[in-house]
Amino acid sequence: MTTDNTFLQLKAVSKLYGVNYKAVDDLHLDLPKGKLLGLLGPSGCGKTTTLRMIAGLLPITDGNIYINGEDISRKPPHQRDIGLVFQNYALFPHMTVAENVAFGLDMRRVPKHEAQARVEEALEMVRLPGYGPRKPKDMSGGQQQRVALARALVIRPRILLLDEPLSNLDAKLRDDMRIEIREIQQRMNITTVFVTHDQVEALTMCDVVGVMHNGKLAQLGTPEEIYERPSSLFVAEFVGRANVHICQIIAENTCRLGDNVYRCNTHGAASGEGQIAIRPHRISLTPNRDQSLISVTTNSARGKVARITYIGDIVQYEIEINGGYLKVEVPTTSGGHGFQLGDKLLCEWKPEDMLVFGGKQ
Ligand SMILES: Nc1ncnc2c1ncn2[C@@H]1O[C@H](COP(=O)(O)OP(=O)(O)OP(=O)(O)O)[C@@H](O)[C@H]1O
Ligand SMILES: [Mg+2]
């Protein structure tokens, strides 16, 4: 569906490698002006292929790509007004930072004095003012990636494309750069596609997330929609952690797991075999209680602590329930973490946190 303010649009875009390998399969996307779309998915699902088709670095096999209503599907890359940043910075090592950033302006024959001012402005934008005379090798990974971002932004592109730009950086720097890229993207109001296989990156930075699977778009939605209302078991497992077990769907919003019957969200799936997914932190643990004290509005099961994994900010308990296991995550406190191996506990979770998907996925 096209919305009025669509800026970047992909219509039935496909990419065939060789004669029969569909790396991207009938992709539809509508991205409004100034929004940040995260393309998220496992290795090989077609993220880079999609990005390269938008950039014009790869010919598309089928379909059309529009920027602001203009069909750019068959235009060469330099006529698309697109800024690109890759994982490995791809800076020219023999050039200074200023020469690297100016590269796109030289190609566009922007006069020297104007180019100089724009380079300095772009370096200021990525918080590297005065770094122009340096060589890339004399800078840290994070600084080099900021130079790459300045080089992409200096041409004032209509669209910014980022392919895993943070994956070579350490965890702390990645956190800072996420915030920085998002700030620059919002300040410039630049429509951006950000490729990542890191769910935290996708959820924290993006306005819209497109989860890809085998060349197709498995789900497109806000971070919260993707996390809270995954459209398939694949999305539920790929975005966030989940306990997954085979169950029997016995009626709408009712399933059987082992000997127990639970209220759940069956997403309109037909009766028969299905699979449940419950997020580990949506299960609460309490010491075994009298049956009469258990809330009738929540699901519950009794079990025993079979494994404890301390992860720092959380503790993960594996609770054995009738031979099956449920992972439960609890935030740690300075007072230590409450339960011991072998403790008998009650697990409780809400019906809406028990996602059930029908059939084989
Ligand atoms: N030039 C090519 N010729 C043939 N197959 C290719 C070519 N480039 C990519 N592929 C295949 O197309 C599929 C999608 O590749 P793509 O690079 O788009 O994946 P990706 O989602 O970016 O993965 P990653 O997260 O590992 O970067 C993969 O199975 C890949 O092996
Ligand atoms: Mg890739």
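Q: Where is the place of K47?
A: K47 sits in helix α1. Keep in mind that this is a predicted model.

Q: Is K47 buried or exposed, and which side chain of opposite charge is nearest?
A: K47 is buried. E164 has the nearest side chain of opposite charge, 4.4 Å away. K47 has no salt bridge. The cut-off for one is 4 Å.

Q: What does the side chain of K47 reach, then?
A: The backbone oxygen of P42, at 3.1 Å.

Q: New topic: ligand 1. Which residues are around ligand 1?
A: The list is Y17, Y21, A23, P42, S43, G44, C45, G46, K47, T48, T49 and E164. So K47, P42 and E164 turn up again, in the shell around the ligand.

Q: How do the residues of that shell divide?
A: There are 5 nonpolar, 5 polar and 2 charged.

Q: What polar atoms come up against ligand 1 at Y17, Y21 and G46?
A: At Y17, a side-chain N or O atom is 3.3 Å from a nitrogen atom of the ligand. At Y21, a side-chain N or O atom is 2.9 Å from a ligand oxygen atom. At G46, a polar backbone atom is 3.0 Å from an oxygen atom of ligand 1.

Q: How much of ligand 1 does the protein bury?
A: The protein buries 58% of the 640 Å² that ligand 1 exposes when taken alone.

Q: Which elements give two or more residues to the shell?
A: Strand β2 (21–32) and helix α1 (47–55).

Q: And which gives the most?
A: α1, with 3 residues.

Notes:
Residues are numbered from 1 along each chain as its sequence is written. Chains are lettered from A and ligands numbered from 1 in the order in which they are written. This is a predicted model: local features need pLDDT of at least 70, side-chain atom pairs count only at pLDDT 80 or more; totals for chains, interfaces and linings use all residues. Side-chain values use heavy atoms; hydrogens and water are left out. A residue is near a molecule or strand if one of its heavy atoms lies within 4 Å of it. A polar contact is a pair of N or O atoms within 3.5 Å; within protein, one must be able to donate a hydrogen and the other to accept it, and residues adjacent in sequence count only if both atoms are side-chain atoms. Accessible areas come from the Shrake-Rupley method with a 1.4 Å probe; for residues, only the protein chains shown count as cover. Helices (H or I, at least four residues) and strands (E, at least two) are DSSP runs, numbered from the N terminus. Ala, Val, Leu, Ile, Met, Phe, Trp, Tyr, Cys and Pro count as nonpolar, Asp, Glu, Lys and Arg as charged, and the others, Gly among them, as polar. Buried means under 20% relative accessible area, exposed over 50%, partly exposed in between (1.4 Å probe, protein chains only). Lys and Arg count as positive and Asp and Glu as negative; His and the chain ends are not counted.
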